[in-house]
Amino acid sequence: MAHNLPEQPDRASVFFSKIHTFDSFKNPAFRHYFLGMVGQWSGMNMQMVTNSLLAYRVTGSAAILGIVALANAIPVLVLSLLGGVAVDRFQKKTLLQIGQAGAMLVSLVIGFCLVTGYLSVENPESWLILLGTSIFQGIIAAFVMTARQSIIPELVSRKDLMNAVSLNTMGMNIFRLASPALAGLIIDFISFEAVYFIMAGLFASGVIFNAFLPRTRIPPARGTNPIQDIKEGFQYMRGKYVIIFLLSFAFSFIVLFIPFQNLLPVFSESVLRVGATGLGVLMSISGAGALLASFVFATIPSRKRGLVHLLSTLLVSVALLFFCFSSNWTFSLILMIFIGIGQTGHVTTGTTLLQTHTEPQYLGRVMSIMMMNWGLSGLGTFLAGFMAHGIGIQWAIGGFAAILTAFSLAALLFMPKIRNLE
């Protein structure tokens with residue numbers, strides 16, 4: 001399943017062999033993957049600040065933020081199953097590069113629209129540019145997100161999988177820590193367009209570095225066509241309690257938690273009143289908690305993953321519930337740390353459990369269901385955005401957090417089979 005490249009250890013492998021936290025870096029193939037994702041992670045985390053804040057400043061509407069998120073989510077929802085088939089049939093390396101090239105193109109288009117003045121408050125219809133690029137990104141994400149999740153088990157051995165997923169999450173969180181704050185500062189002191197052109201360069205670097213990633217194994221496609229492959233994937237999952245629960249629990253988390261991330265600009269602008277720099281700081285502080293959690297998960301033995309998965313979800317939901325009704329800047333920052341810790345614990349353990357309990361030839365299709373869940377996050381954001389008009393952003397997201405808390409607590413108390421998963 002894993003590729004042992006090269007046969008002889010190089011200097012980097014010898015160095016990392018002395019540090020167990022970085023065990024997966026002994027594998028040159030994983031190191032190539034990690035370097036190839038640096039541009040993706042940094043650009044993606046800057047994008048999280050700029051896209052949502054730009055849409056809110058151009059329109060002043062939380063509802064339109066929900067519409068833009070929904071436009072991104074629908075292609076992911078509709079096309080993810082085909083994305084899973086593609087991942088099981090084609091080179092994941094190539095799919096990753098296509099996605100990064102697409103993200104680069106989107107950043108360039110928005111940057112030029114800002115430079116020309118077309119995308120601005122003075123042109124009320126210009127937010128449709130953000131709607132169109134969001135749809136395009138959703139189409140690309142339907143294929144690329146599945147490839148990104150599915151490639152790791154083909155680069156490392158089974159015993160290093162938890163470590164590799166944790167290091168992958170750690171890399172994401174390093175840039176989640178630095179990139180949002182940097183993006184906020186650039187917006188406040190230079191311009192939005194400067195951020196978009198920087199992001200384009202970062203995505204381009206990812207395309208270049210991923211060119212050095214080794215080719216991965218492609219399991220033989222058993223179906224006669226993509227539809228048959230999709231049916232075969234569902235037949236495989238039928239009756240597999242662990243896989244079905246993990247996907248269902250991920251659905252609850254994504255639909256109820258991710259709207260908070262997408263609507264965070266509303267909190268920063270209307271509740272905490274801290275501007276673009278404050279929004280970047282909030283996201284970076286959450287990234288600091290996530291980075292701490294990913295470092296711990298990369299270091300500790302891969303045990304009690306089911307229990308950690310449920311406790312992490314409970315932690316993030318409770319912290320989010322308190323955050324929604326906080327108007328104190330310091331307390332809100334502390335809560336963002338716990339939100340970052342809980343989110344990382346949920347994602348890292350959930351991904352590892354799915355990859356551990358799924359046979360390799362079906363992994364792309366199983367992970368594509370997870371990506372469909374991410375697509376459904378747009379529906380949650382859409383609903384929360386419109387609810388915010390009627391009952392306020394704090395009660396809308398706070399209600400979501402309360403439901404997630406109840407789900408997490410019920411699973412922890414009444415599902416011992418999941419709680420005892422190793």
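**Surface patch and aromatic contacts**

A nonpolar patch on the surface is formed by Leu315, Val318, Phe322, Phe331, Ile334, Ile337 and Phe338, which together have about 560 Å² of accessible area. Two elements, helix 12 (305–324) and helix 13 (329–356), each give two or more residues to this patch. Helix 13 supplies the largest share, four residues. Ile334 is placed in helix 13, and its relative accessible area of 41% makes Ile334 partly exposed. The model is predicted, and the values reported here are computed from it.

Aromatic contacts were examined next. A pair of aromatic rings is described by the distance of the centres and the angle of the planes. The count comes to 13 aromatic pairs. In one of them, the ring centres of Phe260 and Phe323 are 5.3 Å apart and the planes stand at 75°, so the pair is edge-to-face. Phe260 belongs to helix 9 (residues 241–262) and Phe323 to helix 12, so this pair ties together parts that lie 63 residues apart in sequence. Phe260 and Phe323 are both buried.

The rings of Phe325 and Trp395 also form a pair, with centres 4.9 Å apart and planes at 65°; this pair is therefore edge-to-face. Distant parts of the chain are linked by it: Phe325 is in the loop between helix 12 and helix 13, whereas Trp395 is in helix 15 (residues 393–414), 70 residues apart. Phe325 is partly exposed, at a relative accessible area of 39%. Trp395 has a relative accessibility of 58% and, because exposed residues are those over 50%, counts as exposed.

Ring pairs also link Phe25, Phe30, Tyr33, Phe34 and Trp41 into a cluster. A contact of another kind involves Lys240 and Tyr236: the charged end of Lys240 sits over the ring of Tyr236, at 4.7 Å from the ring centre.

Cys113 has a relative accessibility of 14% and counts as buried, because the limit for a buried residue is under 20%. Cys324 also counts as buried, at 0% relative accessibility.

Conventions
Residues are numbered from 1 along each chain as its sequence is written. This is a predicted model: local features need pLDDT of at least 70, side-chain atom pairs count only at pLDDT 80 or more; totals for chains, interfaces and linings use all residues. Side-chain values use heavy atoms; hydrogens and water are left out. Patches are made of residues with over 30% relative accessible area and no salt bridge: like charges are joined within 9 Å, nonpolar side chains (Val, Leu, Ile, Met, Phe, Trp, Tyr) within 5 Å. Accessible areas come from the Shrake-Rupley method with a 1.4 Å probe; for residues, only the protein chains shown count as cover. A salt bridge is a side-chain nitrogen of Lys or Arg within 4 Å of a carboxyl oxygen of Asp or Glu. Buried means under 20% relative accessible area, exposed over 50%, partly exposed in between (1.4 Å probe, protein chains only). Rings of Phe, Tyr and Trp (its six-membered ring) pair if their centres lie within 6.5 Å; planes under 30 degrees apart count as stacked, over 60 as edge-to-face and the rest as tilted. A charge sits over a ring if NZ of Lys or CZ of Arg is within 6 Å of the ring centre and within 35 degrees of the ring normal.
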